[in-house]
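Here is a short tour of the structure you have on screen. Keep it in view and follow along as we go.

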Amino acid sequence: MSVEIHINNVVKRYGDLTIIPGLTQDIRNGELFTLLGPSGCGKTTLLRMIAGFNSIEGGEIKFNEQVINDIPAHKRNIGMVFQSYAIFPHLTVRENVEYGLKLRKLTKTEIKKKVDDILEVVRITEYQDRLPERLSGGQQQRVALARSIVIHPSVLLMDEPLSNLDAKLRIEMRSAIRDVQKQVGITTVYVTHDQEEALSISDRIAVMKKGEIQQTARPHTIYTRPYNIFVSTFIGHSNLFRGHVQSTETGKAVVFADGYTVPMDNLSEEAGDGMEVIISVRPEEFSIQQEGLACKVRTKVFLGKYINYSLGFPEEMLLPDQPSIEFSQDLGHAEQVLEVGDTVTLRPNPVKLNVFTSDGSRNILRDVVHHE
Ligand SMILES: Nc1ncnc2c1ncn2[C@@H]1O[C@H](COP(=O)(O)OP(=O)(O)OP(=O)(O)O)[C@@H](O)[C@H]1O
Ligand SMILES: [Mg+2]
């Protein structure tokens, strides 16, 4: 009943403006697939093409083997949840959830059973006789979720469903959505520009920029082995250093601009002696050591479990236009706490380094995947 979605070279144009120049992506049966990217990159546009609310100017979208380009929205058997809850204020929770079922030819007993079940799944049974105005934002969003899945759609589409909720509720609703989605087993396309939400909820993430997919992979892969500098800096913080490759008889290394050298055994063939590269270090992958990169502590922010330091390096060591160079120190393991003005040597964890071509377009480690 749930389906695979095949998006083959689809194009979206508004007049002369091309929003999506040709996008290809498969979405697996039953997976929670997230489109993540900055505002205006085309996430909603693509979702609306899948839903049938946007025309398709090129390529095709298939549900399993069926091309759906010309099938009207109401015949695509889709459930949708948006940012605004779009539930009826004058109907009770139960009536809201029943609504879609009443339009179908089902007996009273069948409807009651389906609604009972789904209220249970999204944990709103106790509020079933209330009007929406007497529910919290998270409870209203659960009603919207229940209403969209009770009709057993083939595909569930969600566009920033949590962005109207406060921070604590958003986190609670993440696991609620994930649990419900897995329990019902429905192929889901989820749109967000919140990277943490994407990392926590998704089976796979596609990172988009200007209508093009930069990388599709599992959350852990996206974070630890970003395909290019855009992905690396869009998801989490990445400190970017200038460097070059050094090739010796014993193997390869990357050399930072101050001469600090890190032997690497996972550089691809392409990494030749002298090649200019960008070396990327996550803030949590520094440790205070005798040997490493010398820098100065500029600011210090205490965050409970962590201390975040902003670091000063000689300008020639860094890529320009970075908001800050950060070191995030886990206080569970820290032996030495730094103060503003301290000079320190930080060793980047070699196995966690990422190395990119000097234009930032490609990670040149061997185990990087563009699409998994
Ligand atoms: N009806 C339209 N006519 C012309 N341009 C449009 C139309 N709808 C969207 N666009 C443009 O298409 C681009 C992608 O918009 P879209 O709404 O898909 O972005 P998004 O990734 O969902 O962003 P956000 O995170 O802000 O919701 C934007 O540049 C937008 O201005
Ligand atoms: Mg949008």
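The largest share of the shell around ligand 1, three residues, is supplied by helix H1 (residues 43-51). Helices (H or I, at least four residues) and strands (E, at least two) are DSSP runs, numbered from the N terminus. This is a predicted model, where local features need pLDDT of at least 70, side-chain atom pairs count only at pLDDT 80 or more, and totals for chains, interfaces and linings use all residues. Residues are numbered from 1 along each chain as its sequence is written, while chains are lettered from A and ligands numbered from 1 in the order in which they are written.

Around ligand 1 you will find residues including Tyr14, Lys43, Thr44 and His193; a residue is near a molecule if its C-beta atom, placed from the backbone, lies within 6 Å of it.

Next, the sheet: four strands form an open sheet in the order S17-S16-S15-S18, with antiparallel pairing. Two strands pair if DSSP finds at least two bridges between them.

|---|---|---|
| S17 | 325-330 | a single partner strand |
| S18 | 343-348 | a single partner strand |

One side of S17 and of S18 is left without a neighbour, because each has a single partner strand. Strand S15 (residues 286-302) and strand S16 (residues 306-312) run antiparallel and are joined by six bridges. Opposite Ser310 in S16 stands Thr299.
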